[in-house]
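Here is a briefing on one protein chain. It moves from the overall fold to single residues.

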Amino acid sequence: MSDHPEFHSLRRAQRRFGIRATVLSVGGFLLYVLLSSFVPAVMNQPLFGRLTVGLTLGLGQFVIMGVTAWCYVRHMRTRVDPLARGLRSRLHETGSRRARTTVPPQGAGQPLRHGARGFRTW
């Protein structure tokens with residue numbers, strides 16, 4: 001299965017999004033931490049009443065995570081899931097064809113019987 005071209009395109013689609021989402025999420029959080037550490041005067045600037053730049057950026061982290069989750073769901077539905085369904089159906093068809101063409105091993109399809117002392121035997 002790992003040699004299948006559709007499997008490679010599926011992995012590429014997942015990897016591309018994963019890298020972008022990680023950079024966005026971790027980058028946003030790292031920017032917030034760095035600004036808080038090295039430019040506290042900017043982070044303490046009031047915007048409206050007691051609402052500061054730092055508090056706004058901190059709350060913005062929730063927005064970034066929500067947008068990332070929404071983009072993940074959308075990406076999976078539109079790009080990854082169709083590839084996965086196609087690959088699954090092709091593998092299922094291939095497995096069904098193989099099952100029809102192979103001879104079952106001797107004793108296959110027969111019920112298990114209990115032998116002496118209750119152990120299952122063929």
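A residue counts as buried when its relative accessible area is under 20%, as exposed when that area is over 50%, and as partly exposed in between. Met43 has a relative accessibility of 5%, so it counts as buried. The model is predicted. Its chain holds three helices and four strands.

**Overall fold**

- Along the sequence, the elements follow the pattern α-α-β-β-α-β-β.
- The chain has 122 residues, and buried residues make up 17% of them.
- Its accessible surface comes to about 9,900 Å². Carbon and sulfur atoms account for 64% of that surface.
- Among contacts with a separation of 6 or more, 50% join residues 24 or more positions apart.

**Helix 1**

- Helix 1 covers residues 5-38.
- With 34 residues, helix 1 reaches 48 Å from its first C-alpha to its last. That is close to the 50 Å expected at 1.5 Å a residue.
- Which residues of helix 1 are buried? They are Glu6, Phe7, Leu10, Ala13, Phe17, Ala21, Ser25 and Gly28.
- An α-helix has 3.6 residues a turn, so residues three or four places apart point the same way.

**Nonpolar surface patch**

- Val26, Leu30, Leu34, Phe38, Val39 and Val42 form a nonpolar patch on the surface.
- Together these residues have about 540 Å² of accessible area.
- Helix 1 gives the largest share of the patch, with four residues.
- Phe38 is one of the patch residues, and its place is in helix 1.
- Is Phe38 buried or exposed? Its relative accessible area is 65%, so Phe38 is exposed.

**Aromatic pair**

- The structure holds one aromatic pair.
- Phe17 and Tyr72 form this pair, with 5.9 Å from centre to centre and 45° between the planes. The pair is tilted.
- Phe17 sits in helix 1 and Tyr72 in helix 3, which covers residues 53-101. The two are 55 residues apart, and the pair links distant parts of the chain.
- The partners can be set side by side by accessibility. Phe17 has 12% relative accessibility, so it counts as buried. Tyr72 has a relative accessible area of 42%, so it is partly exposed.

- Ser25 is found in helix 1. Its relative accessible area is 11%, so Ser25 is buried.
- Leaving out residues up to four places away in sequence, Ser25 touches Ile64, Met65 and Thr68.
- Thr68 lies in helix 3. At 11% relative accessibility, Thr68 also counts as buried.
- Beyond its neighbours within four places in sequence, Thr68 is in contact with Phe17, Ala21, Leu24 and Ser25. Phe17, Ala21 and Ser25 are among the buried residues of helix 1.
- Gln61 has its place in helix 3. At 12% relative accessibility, Gln61 counts as buried.
- What does Gln61 touch, not counting residues up to four places away in sequence? Gln61 touches Gly28, Phe29 and Tyr32.
- Gln61 and Ser25 are 36 residues apart along the chain. Their C-alpha atoms are separated by 8.1 Å.

**Met43 and its surroundings**

- Met43 lies in helix 2, which covers residues 40-43.
- Not counting residues up to four places away in sequence, Met43 touches Tyr32, Leu35, Ser36, Thr52, Val53, Gly54 and Leu57.
- Tyr32 is 11 residues from Met43 in sequence. From C-alpha to C-alpha, Met43 and Tyr32 are 9.2 Å apart.
- Tyr32 is touched by Met43 and by Gln61.

Technical notes:
Residues are numbered from 1 along each chain as its sequence is written. This is a predicted model: local features need pLDDT of at least 70, side-chain atom pairs count only at pLDDT 80 or more; totals for chains, interfaces and linings use all residues. Side-chain values use heavy atoms; hydrogens and water are left out. Patches are made of residues with over 30% relative accessible area and no salt bridge: like charges are joined within 9 Å, nonpolar side chains (Val, Leu, Ile, Met, Phe, Trp, Tyr) within 5 Å. Accessible areas come from the Shrake-Rupley method with a 1.4 Å probe; for residues, only the protein chains shown count as cover. A salt bridge is a side-chain nitrogen of Lys or Arg within 4 Å of a carboxyl oxygen of Asp or Glu. Buried means under 20% relative accessible area, exposed over 50%, partly exposed in between (1.4 Å probe, protein chains only). Rings of Phe, Tyr and Trp (its six-membered ring) pair if their centres lie within 6.5 Å; planes under 30 degrees apart count as stacked, over 60 as edge-to-face and the rest as tilted. Contact means heavy atoms within 4.5 Å. The expected span of a helix is 1.5 Å times one less than its number of residues.
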